[in-house]
Amino acid sequence: MKKISTKELLPGMVLASKVVTENLNTILNQGTILDEADIAKLTFYSIYEVDIEDDEIDHIISDASDGQGLTSSERIKRSQEFKEFKQAFETCAKKFEDEINDIVAGNASVDTKRLLAPVYALLQKGRTTSDVFNMLHNLRDYDDATYTHCINVALASNILAQWLKWSDEEIELATMSGLFHDIGKICIPEKIVTKPAKLDPYELDIMRTHPLKGYEVLNKLDISIHVKNAALMHHERCDGTGYPYQTQGPQIDKYAKIVAITDVYDAMTSARYYRKPLCPFIALQNFEDEGLQKYDPEMIICFLQNIVNTYLLSTVQLNTGEVGEIVFINKTFLTKPTIKIGNDYIDLSKCTGVYIKEIL
Ligand SMILES: [Fe+2]
Ligand SMILES: [Fe+2]
């Protein structure tokens, strides 16, 4: 048994004795294998040090030694896991680009299993949904090429469908819907799709035909009607403010509803010519500001809650310049967690005008 300061704890370490507060309330039991949430809890209760079983300590510390003193993002980017993910992602985007061009040119029939295989490969190897979200966020600085958006939306739709506890078949349809949702953009002149400035009203009208064009391309293929509907309806909004037909909530296909959320999230968190990638917390705030009634209520709440949980214990920078750790998620104000800065706790829900600017 060894005493280890809470600051030096790593996920995987095992508690050799239970941890109690000053009032003798048990926070964690003996034998607990610590995960990031447990370490956040200890930090939150200002527990200075704990007893750890020493059998595996050296192994765990040596595994993590490359990452000493780095922020959570830097640790992820340096990890072998991330390098493998990045490479698999690039391969996936390239394969998808080739397949899609063949399909649009009428040279190939669609083989859904073959198309989905590289996307599913990114989700495997014991990666949790949070791991994948975190890695996608860290890929932002690297690449924002045309087809990466579709892969991002496919992955995010797959993950959201898992969070919603949909069946395997539904999860596969959600993934497929994400992958194909913007296929109609291939029929829009490239100079409009890639224009590095705001579109003028004429260009915007053309751009807004991509859902219908996508539906027309997919309609010729032997593919689920839900995937076709997702291409047609992913810009519709539940309150009838979307396009092309201002369809309202009950008439919108549920696969279009899932893609509506993941598509907007991806667009907000990707780099754009006029700004750097948005911090996920600012993206979530944008969803709240824009009005959650635009989206399916169950889906949007599930999405926001799970994304916020992904970033528990992450190091963040506030707009005030201060740096701290997210130690407590506020279920009522998801974008305003409690941050531990030094020995202070800042409850963002009580600090008007203070927000998370960046995940470090
Ligand atoms: Fe779109
Ligand atoms: Fe899109």
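User: Which residue bridges the iron ion (ligand 1) and the iron ion (ligand 2)?

Analyst: Keep in mind that this is a predicted model. The protein donors of the iron ion (ligand 1) are Asp182, His210, His234 and His235, at 2.2 to 2.3 Å. The iron ion (ligand 2) has His149, His181, Asp182 and Asp263 as its protein donors, at 2.1 to 2.3 Å. The two ions lie 3.6 Å apart, and the residue bridging them is Asp182.

User: Is Asp263 buried or exposed?

Analyst: The cut-off for buried is under 20% relative accessible area. Asp182 falls below that at 5%, so Asp182 is buried. Asp263 has 6% relative accessibility, so the call for Asp263 is buried.

User: Moving on to the aromatics, how many aromatic pairs are there, and what is the geometry of Trp163 and Phe303?

Analyst: The count comes to 8 aromatic pairs. For Trp163 and Phe303, the ring centres are 6.4 Å apart and the planes meet at 50 degrees, so this pair is tilted.

User: How many residues apart in sequence are the parts that the Trp163 and Phe303 pair ties together?

Analyst: Both Trp163 and Phe303 are buried, and they belong to one aromatic cluster along with Tyr265, Phe287 and Tyr295. Trp163 is in helix α7 and Phe303 in helix α15, so the sequence separation of the parts they tie together is 140 residues.

User: Which residue has its charged end over the ring of Trp166?

Analyst: Trp166 forms an edge-to-face pair with Tyr255, 5.5 Å centre to centre and with 70 degrees between the planes. Both Trp166 and Tyr255 are buried. The charged end sitting over the Trp166 ring, 4.2 Å from its centre, is that of Lys254.

User: Which residue does a cis peptide bond join to Tyr243?

Analyst: The ring of Tyr243 has the charged end of Arg208 over it, 4.3 Å from the ring centre. Most peptide bonds are trans. At this one omega is about 10 degrees, and the cis bond joins Tyr243 to Pro244.

User: Where is Gln246 found, and is it buried, partly exposed or exposed?

Analyst: Gln246 is found in the loop between α12 and α13, and Pro244 has its place in that loop too. Phi of Gln246 is near 50 degrees, a positive value in a residue other than glycine. With 44% relative accessibility, Gln246 counts as partly exposed.

User: What about Leu313: is it buried or exposed?

Analyst: Leu313 has a positive phi of about 75 degrees, although it is not a glycine. Leu313 is found in the loop between α15 and β5. Its relative accessibility is 16%, so Leu313 counts as buried.

User: Last one: which strands stand at the edges of the sheet?

Analyst: This is an open sheet of 5 strands with antiparallel pairing, in the order β8-β7-β6-β5-β9. Within that order, β5 and β6 pair over 3 bridges, and Gln317 has Val323 in β6 as its bridge partner. The edge strands each have a single partner, so one side of each is left without a neighbour in the sheet; these are β8 and β9.

Note on methods:
Residues numbered from 1 in each chain as written. Chains lettered and ligands numbered in written order. Predicted model: local features only at pLDDT ≥ 70, side-chain atom pairs only at ≥ 80, totals over all residues. Heavy atoms only, no water. Donors = N, O, S within 2.8 Å, 3.2 Å for Na, K, Ca; no water. Phe/Tyr/Trp six-rings, centres within 6.5 Å; stacked < 30°, edge-to-face > 60°. Helix = DSSP H or I, 4+ residues; strand = E, 2+ residues; numbered from the N terminus. Buried < 20%, exposed > 50% of the residue type's maximum accessible area, 1.4 Å probe, protein only. Lys NZ or Arg CZ within 6 Å of the ring centre and 35° of its normal. Pairing = 2+ DSSP bridges.
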